[in-house]
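Let's take a friendly walk through a structure made of several chains. We will look at how the chains meet, and then at the space left inside.

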Amino acid sequence: MMLGNVEFEMAWLAPEQWPRLPQHLVEWLVALCGLPEWLVSIAGWFTSAGVVVGVFMGLFALLSLIERKTLARVQNRYGPNRAGWFGILQPVADGIKMLTKEDIVPAKADWLLHLLGPVLIVIPSILALGVIPYGQDWVPVPLELGLVFFFAVGAMTEIAVFVAGWASGSKFPMLGAMRAISQMVSYELPLIISALAVVMMSGTLSLPEIVESQGGYTLGFLPQWNLFTPWGLSAGVVFFIACIAEANRCPFDLPEGESEIVAGHMTEYSGFKYALFFIGEYLGLFAISALGITLFLGGWQSPLPIFDFLPSWLWFFAKLAVVIFIFLWIRATFPRVRIDQLMRFAWLCLIPIALLSLPTAAIWHYANKANNDIVAWIATMPLVLIPWVVLTVLFNRRLSPATTRTYHFAE
Amino acid sequence: MNPIAISLTASAILFALGLFAVLSRRNAILVLVGIELMLNAANLNFIAFWRWGGADAALSGPLFVLFSIAIAAAEAAVGLAIILMAFRHTRSNDLNRLDSLHG
Amino acid sequence: MIPLLILTPAILLAAIGAAWKARPVHAALLLALCLSLVGCLYVAMGAHFIGLVQFSVYVGAVAILIVFSLLITRPSDDDEEKVRRMKTGMPALACSLPLLVMLGFTMFKQSALLEAPADEPAMSLKVLGEILFTDYAPAVLAMAVLLTAVMIGAALFAREPSKKPEPPSDS
């Protein structure tokens, strides 16, 4: 039997290594107890998984408060301000409320599937968070197939939503689940196709390598992130819009539109199962924003070379905060779209643009290979701009059913 | 029992189960479920032979499975579209009721 | 070897459920479980990419399609299905059991010849991609054409026959 042997190193204390410090310490302590090598690595894996889950559960609690505060600020009211200073204890109060509520299972429900629904929603989000490179040395699970894994796991969410909606055994959850599934299936296409453009350019499916391919600065200050190229801008915007729909956020939050179908697939849930839906939703939001940052915003790369002294994971979380804030801002500003507008938008607008970003990326690649930056810009800019302009005009004039809608009873 | 025998047995049972579902079900969609089981039994064999059937540098086993998965997806989409059309005509997805050409 | 011994019984149990359960939605969900376990088995056998593709295509697309169309077409009554199964079950068993026996017989005659090699064949993603777009390029193109045709065809098939909407009568 091989005994584990881990030496304490001062390098672990560097700020860059802070997120991995718990893992190193646990491995060191377990090895100190004279336990075998495989046990040391298992303890290390569990700690590193625990760090990721812990960090994001903490962020979830924080976000649930910040979201309400931001919405309140936009809507000119105070928001939660009773529990603790500035309502800082509100997430704790919410948690206690959720935990102590009665767990109701409807008489017509299929109890096993009713229980499985919320669980199946949380699992894929946590699994997806595991493959994201958060920092230069902080990749919980460095997979060669990271991107494929992310989308394969994400496929589970749709089944989970269906299970939750069907098992409740009533009308509103079923309608909500059908809406949610059709929305997720339609928006998954532009999401994956726009991610494909990045894969084409960096030539790898491994997320850490995709981040590394975006390193460096043009002219010494402009970071070479994918968003700052014509094809990347186009694909990035499509990716962002599809993200909003995948995460079921406003203005695409039809599956749980309160004014239409109560709470969608969550209608028949109460207590902690309901809380699990929220946890799953927010963790999914974190996961998909993290993927967007990895693919288009340079992951943990710092925006200016002079800020390189800050630890890389700090930059990742700064970008995450900005992206999440944009999500909140959009939620506070835009009205909810109608279901037919939603599907039309995905199939007629987002998918063509996402598909066009593939040839644009190819042209960019070959022009760059010939070291011809100016030619690359001139060749790709029209390919990006024209479809956006044309589709926006078309969508507003011809295809939008809003212009042909007649109000029979509300005139 | 070597691993290849285990996976081949599993795949044979899977195929038989799929055939049983196809023959015993009357709901057209559940017949499709049986067909998916049979397709997967075949795919399992390809991967098992690639893994344990000697060196295969050309990766023809996995590649065949890749194409087979794509075809299965196409088949499911077309099959379900046809079932939906038939449902519109007969108001049922019972295969026994699709007998208007019956002499 | 150990993942194989754990996964194959689970796959077969899920498949039995998918082939036997009277409730259509249960059968479809068990199919999804069975296919995702097959995906896990591929990963355990070393075909990681195929396993993940299996997972995303079967669970993410095929299973979803099946449950969705189960919802659109009213699933038939459970009791009715049970009665029907009494009629169709025996002939179906009579057809599939001989097939199983035959498959088992051929397999046991052949698989004794196959010695399981100890080393796992390598599947590098780079090599897979290169083979796919050189030797298998015509097949990939044919697949692309097929999938596009299927997408258009399915959309046309499933289209609601267009009707003029009736103006609501004011009362």
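## Where chain C meets chain B

In this predicted model, about 6,700 Å² of area is buried between chain C and chain B, and carbon and sulfur atoms give 79% of that. The contact involves 82 residues of chain C and 68 residues of chain B. On the side of chain C that touches chain B, at least two residues each come from α1 (2–20), α2 (24–45), α3 (48–72), α4 (78–111), α5 (125–133) and α6 (137–157) of chain C. The largest share is that of α4(C), with 16 residues.

What kinds of residues make up this side of chain C? Sorted by class, 60 are nonpolar, 11 are polar and 11 are charged. Between chain C and chain B there are 6 residue pairs in polar contact, counting pairs with both residues at pLDDT 80 or more.

## Where chain C meets chain A

Now turn to the other partner of chain C. Here 21 residues of chain C are in contact with 23 residues of chain A. Together the two chains bury about 2,000 Å², with 85% of it on carbon and sulfur atoms.

How many salt bridges does the rule find across the interface of chain C and chain A? There is 1, and you can look for it between the side chains of R23(C) and D110(A), at 3.9 Å from N to O. The count of residue pairs in polar contact is also given for this interface: 1 pair, with both residues at pLDDT 80 or more. On the side of chain C that touches chain A, α2, α3 and α5 of chain C each give two or more residues. The largest share, 13 residues, belongs to α3(C). By class, this side of chain C has 15 nonpolar, 4 polar and 2 charged residues.

Two or more lining residues come from each of α4 (111–129), α5 (146–167), α6 (171–202) and α10 (271–296) of chain A. Taken by class, the lining has 15 nonpolar, 7 polar and 4 charged residues.

Conventions
Residues are numbered from 1 along each chain as its sequence is written. Chains are lettered from A and ligands numbered from 1 in the order in which they are written. This is a predicted model: local features need pLDDT of at least 70, side-chain atom pairs count only at pLDDT 80 or more; totals for chains, interfaces and linings use all residues. Side-chain values use heavy atoms; hydrogens and water are left out. Contact means heavy atoms within 4.5 Å. Buried area is the accessible area (1.4 Å probe) that two parts lose on being put together, summed over both. A polar contact is a pair of N or O atoms within 3.5 Å; within protein, one must be able to donate a hydrogen and the other to accept it, and residues adjacent in sequence count only if both atoms are side-chain atoms. Helices (H or I, at least four residues) and strands (E, at least two) are DSSP runs, numbered from the N terminus. Ala, Val, Leu, Ile, Met, Phe, Trp, Tyr, Cys and Pro count as nonpolar, Asp, Glu, Lys and Arg as charged, and the others, Gly among them, as polar. A salt bridge is a side-chain nitrogen of Lys or Arg within 4 Å of a carboxyl oxygen of Asp or Glu.
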